[in-house]
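Let's take a friendly walk through a protein model, looking at a pair of strands and then at some charged side chains. Have the sequence and the structure open as you read.

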Amino acid sequence: MSGQDRPKGISPAAVEGAPGVWRVDLQKHDLSIPGREVIQSRVEFTPDSPPFKHFHPGEEIICVLQGTLEYTLEGQPPVVCNVGDALTVPYGVHHQARNVGDGIAVELATYVVEKGKPLLTKVD
């Protein structure tokens, strides 16, 4: 997608990682725990972004910065998070996020994951 096609309200530095889901990677560092690293990203969702089921090789700690997001974690009912709400997704749990508001929704996602593994694996 070109800069001209970037949805209004999406950060200029963001890269589209999936339809309607844009990421700005903020930091990536090794941790004092052997074999683990921390990755922190700003994730931006357009109102029409389709949810997709996925998992991570570690924990994901989320804080909603803008808008309203609905999270569905495998085996649990959906939970709606607004600005300032936080959520932790346990290691390997299949989950998905969906923008349920009118405008752009943004989360700060902090991942504590196994080093060298793909950050995100889609589930069919």
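## A pair of strands

Start at Cys63, which sits opposite Ala86 in strand β8. This model is a predicted one. Strand β5, covering residues 58–66, pairs with β8 in the antiparallel sense, and four bridges join them.

Now turn to β8 itself, which runs over residues 86–89. Leu87 and Val89 make up its covered face, while Ala86 and Thr88 lie on the uncovered one.

## A link between strands

How many salt bridges does the count come to? There are six. One of them joins Arg36 to Glu59, with 3.9 Å between the closest N and O atoms. Arg36 belongs to strand β3 (residues 36–45) and Glu59 to strand β5, so this pair ties together parts that are 23 residues apart in sequence.

Both partners have a relative accessibility to look at. Arg36 is partly exposed, at 21%, and Glu59 is partly exposed too, at 29%.

## Two further salt bridges

Is Glu44 buried or exposed? Its relative accessibility is 0%, so Glu44 counts as buried. The side chain of Glu44 meets that of Arg42 in a salt bridge, at 2.6 Å from N to O. Arg42, at 25% relative accessibility, counts as partly exposed.

Finally, find Arg23, which forms a salt bridge with Asp25. Here the closest N and O atoms are 3.9 Å apart. Asp25 has a relative accessible area of 57%, so it counts as exposed.

Note on methods: Residues are numbered from 1 along each chain as its sequence is written. This is a predicted model: local features need pLDDT of at least 70, side-chain atom pairs count only at pLDDT 80 or more; totals for chains, interfaces and linings use all residues. Side-chain values use heavy atoms; hydrogens and water are left out. Buried means under 20% relative accessible area, exposed over 50%, partly exposed in between (1.4 Å probe, protein chains only). Helices (H or I, at least four residues) and strands (E, at least two) are DSSP runs, numbered from the N terminus. Two strands pair if DSSP finds at least two bridges between them. A salt bridge is a side-chain nitrogen of Lys or Arg within 4 Å of a carboxyl oxygen of Asp or Glu.
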